[in-house]
Amino acid sequence: MTDLNWIYTHGFIGIRLFELPSLLICLLVIMILGYKFAIPSIQKVVLSLHCFLPFVLNDVLFRVAYMPDQFKYWRGVNAIRSGELGLIEALIGGDKGNNVEQASAFFAAMPFPTPVSPISLGFYNTFIYIILFFILYAKNVFTKFSLWFYLLFPSMALYSALTLRETLILFFMIMAVVYARESKIFRSILCMVPLTLIKIQNFYIVGPIVLLYFVFDVAKKGMGLTKALSIGVIGLVSLLASAPIALPIINKYRVSMFMEDGGDAKNIELISGVGDFVLQGLTSGFYFLSKPLPWEATSPLQFIQSFENLIVLVILFLITRQAWIKSPDRLAFWLLFLALSMSVYGLVVANYGTAVRYRYAFIVMYVLFLCADCNIKKLFPKKGAVA
């Protein structure tokens, strides 16, 4: 593989000129699918504006090195496209530590020009974001509110325009649930298989959720508060029983993930015992959902995200309240999903920036499918229209 740094000799504008073919592909997809599904012009405009985000994030709002993983995926895709690393070899062998090569293999298989800079894969992710929008639109998953949440959620706009694997992960998670809602078991399982390669933690969260969705036929019947509470109690008992084995593993991941994000291992608080483990397990979920708080932010980006968090918490409260009135049985299932995902990551993720990055996918899924299953069309419905 040739030296990838040649692109930097072309300067700020030159680098972005190399990305014009990718930009045009994204805009063309919006034009064709927008016409096919007859989506309103304003939605096409917002999608089109999203296509320009990769130009104004890396090395504009922040340096590429602020999220150094981007270099890894850029090099990984180039290694596969150049023949230095085989596609199957990347999928099966791959980097056992962080699954960079497996994720790179999925990117490399996409119909886009070879990435010439760390900006390039931002267009790959934008393409995924656009395709997912039209799939959800065609399958009537969107309600009026959830559609605009998808289009305007800042964290989703940010991470789906960067050279990271999060959008790829979100795509497979959402599609697994979409097919579960349609009772297409085989397709749902196929969508979960890539998660075992690129992010096994999310497979362990989404897998049981999809299984429960099938078993209880949540879209039609809901789960029921009693069943949800029973599963919650079983989870608490399992938490207690697994503490002696799980505690060292969780502390190991807390330290490694904190250091991976540039932190000092001396500054991370370890879970000290069974009591602390249970307490963290019960409380970490809500804290993970809300951090960083404004006074905890350590960078301008985190400070902005802290206010986004507060707005998102208000939104989650408002749609959850509507769901409680409309369909508490369906709400119970999605609250269980949110509690499970937030608690699992709350136990191992201490870094604020990483928390936002890992959390946004689960928030998007909660909003999309809670609104779909409970028919929540507006954030502020007219009085008497909620029931």
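## Overall build

Helices here are DSSP runs of H or I at least four residues long, and strands are runs of E at least two long. In this predicted model, the chain has 19 helices and 0 strands.

The chain counts 387 residues, and 54% of them are buried. Residues 24 or more positions apart account for 77% of them.

## The nonpolar core

The largest nonpolar core has 126 residues. Ile174 and Ile319 have the most contacts inside it. Helix α19, residues 352-374, gives the core its largest share, 17 residues.

Which residues does isoleucine 174 touch, leaving out those up to four places away in sequence? They are Leu132, Leu136, Val364, Met365, Leu368 and Phe369.

## Alanine 323

Alanine 323 sits in helix α17, which spans residues 300-326. Its relative accessible area is 0%, so alanine 323 is buried. Leaving out residues up to four places away in sequence, alanine 323 touches Pro328, Leu331, Leu370, Cys374 and Ile376.

Take one of these contacts, cysteine 374. Between alanine 323 and cysteine 374 there are 51 residues of sequence separation. In space the two are 5.7 Å apart, C-alpha to C-alpha.

## Salt bridges

The structure holds 6 salt bridges. In one of them, the side chains of glutamate 166 and arginine 357 meet at 3.1 Å, N to O. This pair links distant parts of the chain, 191 residues apart. Glutamate 166 lies in helix α11, residues 166-181, and arginine 357 in helix α19. Glutamate 166 has 4% relative accessibility, so this residue counts as buried. Arginine 357 is also buried, because its relative accessibility is 10%.

Aspartate 373 forms a salt bridge with arginine 181. The closest N and O atoms of the two are 3.0 Å apart. Aspartate 373 lies in helix α19 and arginine 181 in helix α11, so the pair ties together parts 192 residues apart in sequence. Are the two partners buried or exposed? Aspartate 373 counts as buried, at 8% relative accessibility. Arginine 181 is partly exposed, with a relative accessible area of 24%.

Glutamate 182 and lysine 184 also meet in a salt bridge, at 3.3 Å, N to O. Glutamate 182 is partly exposed, with a relative accessible area of 28%. Lysine 184 is partly exposed too, at 32%. Elsewhere, salt bridges that share partners join Asp69, Glu166, Lys199 and Arg357 into one network.

## Cysteines

A disulfide is a covalent bond between the sulfur atoms of two cysteines. How many disulfides does the structure have? The count comes to 0.

The cut-off for a disulfide is 2.5 Å between the sulfur atoms. Cysteine 51 is buried, with a relative accessible area of 0%.

Cysteine 371 is in no disulfide either. Its nearest cysteine sulfur, that of cysteine 374, is 8.2 Å away. Cysteine 371 counts as buried, because its relative accessibility is 0%.

## A nonpolar patch on the surface

Phe12, Ile13, Leu17, Leu20, Val56, Val60 and Leu61 form a nonpolar patch on the surface. Together they have about 660 Å² of accessible area. Helix α1, residues 11-17, gives the patch its largest share, 3 residues.

Where is leucine 61 placed? Leucine 61 is in the loop between α4 (53-56) and α5 (69-81). Leucine 61 is exposed, because its relative accessible area is 62% and exposed means over 50%.

Methods:
Residues numbered from 1 in each chain as written. Predicted model: local features only at pLDDT ≥ 70, side-chain atom pairs only at ≥ 80, totals over all residues. Heavy atoms only, no water. Core = buried A, V, L, I, M, F, W, Y, C linked by side-chain atoms within 4.5 Å. Buried < 20%, exposed > 50% of the residue type's maximum accessible area, 1.4 Å probe, protein only. Contact = heavy atoms within 4.5 Å. Patch = residues over 30% accessible without salt bridge, like charges linked within 9 Å, V, L, I, M, F, W, Y side chains within 5 Å. Areas by Shrake-Rupley, 256 points an atom, 1.4 Å probe, with all protein chains shown as cover. Salt bridge = Lys/Arg side-chain N within 4 Å of Asp/Glu carboxyl O.
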